[in-house]
Amino acid sequence: MSQKGFPPTLNRRGFLALGTGLASAAALAACTERRSNSPAPVGPDSDAVREAENARRVTGAATREATLRAEPTTVDLGGVQVRTWTFGGSLPGREIRLAKGETLRAELTNALPAPTTVHWHGVALRNDMDGVPDVTQSAVAPGGGFRYEFVVPDAGTYFFHPHVGVQLDRGLYAPLIVEDPADGRDYDLEAVVVLDDWLDGVDGRDPDQELRELRQQGMSGMTMGGGMNMGGMNHAGMGMSDPTAPLGSDTGDVKAYPYYLLNGRIGTDPVTFTGRPGQRLRLRIINAGSDTAFRVAVGGHRLRVTHGDGYPVQPVTTDSLLLGMGERYDAIIDLGDGVFPLVASAEGKNGRAFALIRTGGGEAPAADVRLTELSAPPLTGDRLIAAESVRLPARRPDRTLDVALGTGQGNYVWTINGKAYPDHSMLNVTQGERIRLRFTNNTMMFHPMHLHGHTYQVVNPAGTGPRKDTSIVLPMQTVEADFDAINPGQWMVHCHNAYHGEAGMMSVLSYTR
């Protein structure tokens, strides 16, 4: 039965009424509120959420419709057939593209053997459309459906994926591109590049099995590369980075991924982008991986980075760029004449995703071609400077919320403020406040931390840090991020390593009355 649009049932405390006995975030939060007599939360079906959505509406803006069918599928990765789950039978799913200010109406049909949802990663949308089970909606049961309908207020490169278990590590993801009418003056054509680490359907493996094995193993074997303490190799080749790599020595929990994909293809049968010499190509790069950061470069070219997580930055030119899971960057290259490799090297792991850019004749380079562009340290998001047009106005934070990242005692458990989700301490905010999130990483792994429903500004001494919704927090380091609390509801804060999140590194940022 289709759940049409906005109004899931809520109880008097403003949370989704999801049935008795469900160990959900909403139920736990409601218990916490009753115990502490703290202010009541602003629920996803509140008047405040509707008012915020109405304020985003643009008179005369179009409504764009999309159909999403989540279903089991056999896909061809490029000579390798795997059984997985996808949207509409394709990997990645079909791109959704619309203009900022327009409304997206997406009808989801769940033909999977398990419940699912759709989360619209990076979009400052209405809370009841955010796709988080037990927080903003009930999970969509097998055979069921749900209509997602919301205004898309900001231009940029986004994507969408489930927010149930480790379904992200299957094939359920696709680009969401929001165009700005002012775009296009500094480039001639564009290519959407979706990166992924792949294990589903290979030699009997699947993400749920991987998570069970990690839990059985515990933290005892969590060394570099998911338990494989392998020697360093130079990024210019096919191997792993050396110990001085920007993320540290421990770059993933999952034992070696069989494949790394670029737009659903392995390097032996790659995607080919085409253009003409002299054209300016805008690359919209999305890391849809679950456990892997990627170092991206184009042979014979430099990248002019123009956007991070959808928001413009002061352009900076680099040989290579590092993307954590969930991050997106836009970069422009001035195309040369020939055939060029586009390489996304799996940071700290043994493998790469690969594509070709063809502007003329010549023999295509091999998938294991060595790129000098990958040898130097990559550009990372913390070094970017926000364009003046998108910087937050100068203001002292009204409230600082500590988000301490930790681990369990021996078990495969990842925590925020000492608790593993669904157990959590609410991160309470009040509408209109300037909030500072202080992410402190007390572990020896990097964590790409993601905030739903908002774009923050990374704090730097000059007040010019980039606008982001996902940021890498390095081992034993701290990242501070400011945002204005102007999008009411209940919002997840979590690590975008899918296995870390499902093992507990999630919490809820809660607007309260």
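**Reading strands and sheets**

A: Strands β15 (residues 303-308) and β18 (residues 328-334) run antiparallel and are joined by four bridges. Please keep in mind that this is a predicted model.

Q: Which residue in β18 is the bridge partner of Val-305?

A: Two strands count as paired when at least two bridges are found between them. Here, Val-305 has Ala-331 of β18 as its bridge partner.

Q: What is the strand order of the open sheet of six strands?

A: The order is β11-β10-β13-β18-β15-β16, and the pairing is mixed. Strands β11 (259-262) and β16 (311-318) stand at the edges; each has a single partner strand, so one side of each lacks a neighbour in the sheet. On average, neighbouring strands of this sheet are turned by 25 degrees against each other, with direction ignored.

Q: Is strand β24 (residues 434-441) mostly covered or mostly uncovered?

A: A residue is called buried when its relative accessible area is under 20%. By that criterion, six of the eight residues of β24 are buried, and the strand is mostly covered.

Q: In which sense does β24 pair with strand β21 (residues 399-407), and in which sense with strand β29 (residues 478-484)?

A: With β21, the pairing of β24 is parallel and extends over seven bridges; in this pair, Leu-401 stands opposite Leu-437 of β24. With β29, the pairing of β24 is antiparallel, over seven bridges. There, Arg-438 has Glu-480 in β29 as its bridge partner.

Conventions: Residues are numbered from 1 along each chain as its sequence is written. This is a predicted model: local features need pLDDT of at least 70, side-chain atom pairs count only at pLDDT 80 or more; totals for chains, interfaces and linings use all residues. Side-chain values use heavy atoms; hydrogens and water are left out. Buried means under 20% relative accessible area, exposed over 50%, partly exposed in between (1.4 Å probe, protein chains only). Helices (H or I, at least four residues) and strands (E, at least two) are DSSP runs, numbered from the N terminus. Axes are lines fitted to C-alpha atoms, for helices over the stretch in contact, and angles run from 0 to 180 degrees between N-to-C directions.
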